[in-house]
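I opened this entry to note what I looked up about the packing of helices on a sheet and about the nonpolar cores.

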Amino acid sequence: MTLTVVEQNKTEQGCASDGCGSSGDQMLHLPEEIRQKIFNHPCYSEQAHHYFARMHVAVAPACNIQCHYCNRKYDCSNESRPGVVSELLTPEQAVKKVLAVASEIPQMSVLGIAGPGDPLANPERTFSTFQMLTEQAPDIKLCVSTNGLTLPEHIDELCKHNIDHVTMTINCVDPEIGAKIYPWVFWKNRRIKGIKAAKILIEQQQKGLQMLVDRGVLVKVNSVLIPGVNDEHLKEVSKIVKAKGAFLHNVMPLIAEAEHGTFYGVMGQRGPTNNELMKLQDACSGDMNMMRHCRQCRADAVGMLGEDRGDEFSMEKIEMMDIDYPAAMVKRKKVHADIEAELKAKCNNSEVALVSLTGLKQIQSRPVLMAVASSGGGIINQHFGHASEFLIYEISPMDVRFIGHRKVDLYCSGSDNCGKTETRLDKIITTLKDCKAVLCSKIGFEPWVILEEAGIQPDGEHAMEFIEDALAAVYKEMADNGQLDKPASQQQKISA
Ligand code: CLF
Ligand code: SF4
């Protein structure tokens, strides 16, 4: 059974809740062929990211442009948070690593090449890796991320390898803005600077986007939000790429720290606040599907989005592993089928949440934000003290909407750090200060009291429940207790 059946079920049952995945709305209107392409891709489907993992192999060291937010020593900021890749791999090593990870983590469904430079500035290494994987691991989706400069000349090769997911980073469509982001591009054996360089890059990106869409390849556009440089302009970018047929837009916050040695970092260019990011994503969402669950992964990331199990798969460890990939494929098929069955159960179960929300529609309750501690599976399964990030949802009488994640320092990271827990809790409270409640599997007495004093209701009552159902239940309880009362005239979308 495939997710398509699950999605059909949703339609038949009138299941419009995010209980069937926050991307449910996005998926419901999609043709069958596209749903098949995205249902197990953790980046293209918000729902899938709770269940399926991805990995990157760092085979592409060189780059053909310079971005002001990138330092060559660090991972490509297009797809990675700054941090040196642990090992640069040859294509042969990369394939070995992919087979090892796919055997050990059967829910790993996608292999992406995203750096540490630009994959298409290293075409031999990139395509040789894809070629070997197509032959040896046909059950793994292939994905690539690029700055787009040489995309048009590589489209035939990409299609030959059956790559139907391409991410392109497009930060602007105006060369004057581009000149503030890209000091140079390397084009036809020459280094070109300023507005002329940005113009070439923009033209190549737009041409590449059109060519991919014409061939039926799904394109996700990543944009780095740089306050004061392209913040307002990204709304225009979103409109244009949507009109050209891009499938998804992922607006990511600039990461700029002086210690990364990037131009922006050294010059003190700040990144956006949570609120600025949320506002811009909402402003763009009128025109296209927005990705809100990106974790800005490293170019050698392994595991579920938000986790990195790279250390378990160093080449030294992989050399010691005995990999039987045909046997692994049988196991992987079963695991993927089980996930689909679970998604179906979840979809049916979400009827309960729908009923709760429907009941609330008569109540003039305001939308609120709530935070959730989850380590995956779409359920509340993490101790408050073990959460390194919280998922943030907006709950209203109309729906439960995923709006992003916020990273925090672990509240509880072992006895050596016990003295620091107070400061950490202060920071967590600052990060979650606009949330009405925080749902987790368990929470200690001390943080409970302090959170409550800060106006954030801790909740450990919904451990192992589906996130959307639990949020709907807590919201209903708060509304019943009069904690959300507010005249309709004063209601306002929190993230608007
Ligand atoms: Fe990797 Fe990118 Fe493919 Fe995903 S990541 S190449 S589309 S498989 Fe995903 Fe990571 Fe965000 Fe990228 S969460 S940084 S969007
Ligand atoms: Fe760095 Fe990626 Fe920009 Fe190249 S495209 S300069 S690797 S961020």
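I began with helix H11 (residues 274-285), which in this predicted model lies across strand E11 (368-372) and strand E13, and I noted that H11 runs at about 145° to E13.

I then looked up the sheet itself, and found an open one of five strands in the order E13-E12-E11-E14-E15, with mixed pairing. Strand E13 (400-407) and strand E15 (457-459) each have a single partner strand and stand at the edges, so one side of each is left without a neighbour in the sheet. On average, and with direction ignored, I have neighbouring strands of this sheet turned by 25° against each other.

Next I turned to the nonpolar cores. The largest has 56 residues, of which Val57, Met108 and Leu111 touch the most other members, and I noted that helix H4 (residues 91-104) gives the largest share of this core, seven residues.

Which residues is Met108 in contact with, leaving aside its neighbours within four places in sequence? I listed Ala53, Arg54, Met55, Val98, Val101, Ala102, Ile140, Arg332 and His336.

Last, I recorded a second, separate core of 36 residues, with Ile192, Met252, Tyr264 and Cys297 among them.

Conventions:
Residues numbered from 1 in each chain as written. Chains lettered and ligands numbered in written order. Predicted model: local features only at pLDDT ≥ 70, side-chain atom pairs only at ≥ 80, totals over all residues. Heavy atoms only, no water. Core = buried A, V, L, I, M, F, W, Y, C linked by side-chain atoms within 4.5 Å. Buried < 20%, exposed > 50% of the residue type's maximum accessible area, 1.4 Å probe, protein only. Helix = DSSP H or I, 4+ residues; strand = E, 2+ residues; numbered from the N terminus. Contact = heavy atoms within 4.5 Å. Pairing = 2+ DSSP bridges. Axes fitted to C-alpha atoms, helices over the stretch in contact; angles between N-to-C directions.
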